[in-house]
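Look at the structure first, then read on.

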Amino acid sequence: MEQKQAAIFNDLSGFGRCSISVILPILSAMGHQGVAIPTAVLSMHTEFPHYHMIDLSDQLPAYLESYRKEGLRFDALCTGFLSNPTQAQIARSCLQLLKEDALVLIDPVLGDGGRPYPTITKEIITQMRSLASEAGVLLPNLTELCLLCGRPYPDAFPSRDFLLSCCEELCAAGTRNVVVSGLELDGRCCSFIYAEGKADEVWNEKVGEDVFAAVIAGSLLRHETLHQSVERAARFVEAAMRKTLQEQAPHAWGLCFEGLLSELMPTAR
């Protein structure tokens, strides 16, 4: 099978497993070439109190122009954290670098626990709604789903009708498929899948979102179904969580997934 090339439009953190530093090795292990398009470079991610960030928004147009001049075309685009509204517009310009029928996987990193992250403004949310309309697969958590749809955050586990209504609204605006991750109930998590007008669920342990998104992207590029991709991602996250607990790694350090990458390699399918 021809090797796929996936553009990763996301930030790069030196310490703390997230974003490009997670997605790139997972895609590589799954047999694909990851191509980093860093939106910002951080000494460590923003959960640490003393991080340093260099915003690369001003550099991105020239960065992408070099790809255009080389005639590069990618099989997938994976987007994540955007530090300002301009980056959402720049992410849309990345669509011009994609092959026909390429995978567009958007992780709308906007908030958690019912509230937007401190750096997220109303303008970023508006721009993210526009970007989400281009998604082949949109991967919000419940907070992000509510922010994108302008709905109040539920006080309890969301009903199926609530989830269906939100997903249908997003798909009416252009999104093709939605996977709502991290829906917690009785110590377990549900991933609610809305694909081709039908709903499905996958239950697993708590999700590590960047790892989860990366495995889904890699699986879809191997022509697995969305349900199969979510199941594979859920199993891998559970194994990585067990490994992390064994290592007694602090939460902010992220999931200890590196020693498990062989499970994702094509020969391990």
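Buried means under 20% relative accessible area, exposed means over 50%, and partly exposed lies in between (1.4 Å probe, protein chains only). This is a predicted model, where local features need pLDDT of at least 70 and side-chain atom pairs count only at pLDDT 80 or more, while totals for chains, interfaces and linings use all residues. Residues are numbered from 1 along each chain as its sequence is written, and side-chain values use heavy atoms, with hydrogens and water left out.

**Aromatic rings**

Rings of Phe, Tyr and Trp (its six-membered ring) pair if their centres lie within 6.5 Å; planes under 30 degrees apart are stacked, over 60 edge-to-face, the rest tilted. The whole structure holds 5 aromatic pairs. Tyr63 and Tyr67 are edge-to-face, because their planes stand at 80 degrees, with the centres 5.6 Å apart. Both sit in helix H2 (residues 60–70), 4 residues apart, or about one helical turn. Helices (H or I, at least four residues) and strands (E, at least two) are DSSP runs, numbered from the N terminus.

Tyr67 is buried. Phe157 and Trp203 are stacked, at 6.2 Å centre to centre and 15 degrees between planes. Phe157 is in the loop between helix H5 (142–149) and helix H6 (160–172) and Trp203 in strand S11, so this pair ties together parts 46 residues apart in sequence.

| Residue | Relative accessible area | Class |
|---|---|---|
| Tyr63 | 29% | partly exposed |
| Tyr67 | 14% | buried |
| Phe157 | 32% | partly exposed |
| Trp203 | 35% | partly exposed |

Ring pairs also link Phe15, Phe48 and Trp253 into a cluster.

On a 1 Å grid over the protein atoms alone, a cavity is a set of points where a 1.4 Å probe fits but cannot get out; a pocket is an open set with protein on both sides within 12 Å along at least five of seven lines; lining residues have an atom within 4 Å of a point. Grid points join across faces, edges and corners, and a volume is the space filled by probe spheres set on the points.

There are 2 cavities of 30 Å³ or more. The largest cavity holds about 70 Å³. Its lining includes Asn10, Ile23 and Asp210. Helix H7 (209–221) gives the most to that lining, with 4 residues.

The second largest pocket has a volume of about 680 Å³. Among its 26 lining residues, Leu103, Val137, Arg176, Asn177 and Leu220 are the closest to its centre. Strand S5 (98–106) supplies the largest share of that lining, 6 residues.
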